[in-house]
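Hi,

Here is the structure I promised to pass on to you. Have a look at it first, and then read my notes below.

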Amino acid sequence: MSRRSAPFVAPDYIDNPTSKEGKKHAKVLLSTLQDDIAQFRDEQFPPDILRQIRDMPIYEGNLAEVQAYQQRWQPLLERAMAFYPAANLPPDYLPLPASLEIPQFIYHVQRLHLTKTRAKESKSFGSVGALTDKCSDYSAEETARMSAVFDNDDEARLVAHREFIDLRAYVFCRDSKGEMMEPERVRFYRTGLIVHALPDFKVVDSRQTPRKRRNDAYNNPIADNGVWKIYRKK
């Protein structure tokens, strides 16, 4: 149910896309696309022809309304697909990266279940310097403990965990036969979510009672700066 994003691929229309110069050119074009998306989003989001769900960046409409709104985004969607050609295609149906901030469009939606879940972000590091660059500073005692891990084992890694509340939507759609499909879990807060609502469309809002996160395999951090807890990677 959970989806990572589609992988980046340098477009074929770039000369020598696998070369250093080709990759640099691809990044420049991707940056230009991101700027164009940001400008278009300022003008076109929230959508003016759809209805907002609760206080969320989620908007619903009938088939014609959702298709009309997606058509406005279509030129940018096609440009994005040149960089992420596997997006929304079988067998994995991976979405475009959330960093693009293109709304996600889902059709034939019967039910939407909004949830909050206790989650954690995880990063792995091979040096104290790299860790503090990303996770900020720690006390001298904690820094010494982290350094000792690497002093005693050249292959050791440190893992940093940051807890947060993850907002998700479980989207229940019907297939071409009208049968309910398995729900798709979608992170939508950064991109926005556009749903084609079927008759008797229903929203279940469970955000008031965050679901418990699964038990963590890591306990007793060797360092904690109030945001990131640090452990020796198992």
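**What I found**

Residues 24 or more positions apart make up 73% of the contacts (heavy atoms within 4.5 Å) in the protein with a separation of 6 or more. Before the rest, a word on conventions: this is a predicted model, where local features need pLDDT of at least 70 and side-chain atom pairs count only at pLDDT 80 or more, while totals for chains, interfaces and linings use all residues. Residues are numbered from 1 along each chain as its sequence is written, and side-chain values use heavy atoms, with hydrogens and water left out.

The protein has 4 helices and 8 strands, in the order α-β-β-α-β-α-α-β-β-β-β-β along the sequence. Both are DSSP runs numbered from the N terminus: helices are H or I with at least four residues, strands E with at least two. The C-alpha trace spans about 65 × 50 × 35 Å along its principal axes. Of the 234 residues, 38% are buried (under 20% relative accessible area; exposed is over 50%, partly exposed in between; 1.4 Å probe, protein chains only).

The largest nonpolar core contains 23 residues, and Trp 73, Tyr 84, Leu 96, Leu 100, Ile 102 and Ile 194 have the most contacts inside it. Such a core is a set of buried Ala, Val, Leu, Ile, Met, Phe, Trp, Tyr and Cys residues joined through side-chain atoms within 4.5 Å. Helices α1 (20-44) and α2 (63-83) each supply at least two residues of this core, and the largest share, 7 residues, comes from α2. Leaving aside neighbours within four places in sequence, Trp 73 is in contact with Ile 37, Phe 40, Arg 41, Glu 101, Ile 102, Pro 103 and Phe 105. Apart from this core lies another, of 16 residues, including Ile 53, Val 109, Val 186 and Val 203.

Glu 60 sits in strand β2 (residues 58-61) and counts as buried because its relative accessibility is 17%. Not counting residues up to four places away in sequence, Glu 60 touches Leu 50, Arg 51, Ile 53, Val 195, Ala 197 and Phe 201. Lys 116, in strand β3 (residues 104-125), is partly exposed, with a relative accessible area of 31%. Between Lys 116 and Arg 168 there are 6.3 Å in space, C-alpha to C-alpha, although they are 52 residues apart in sequence.

Best wishes
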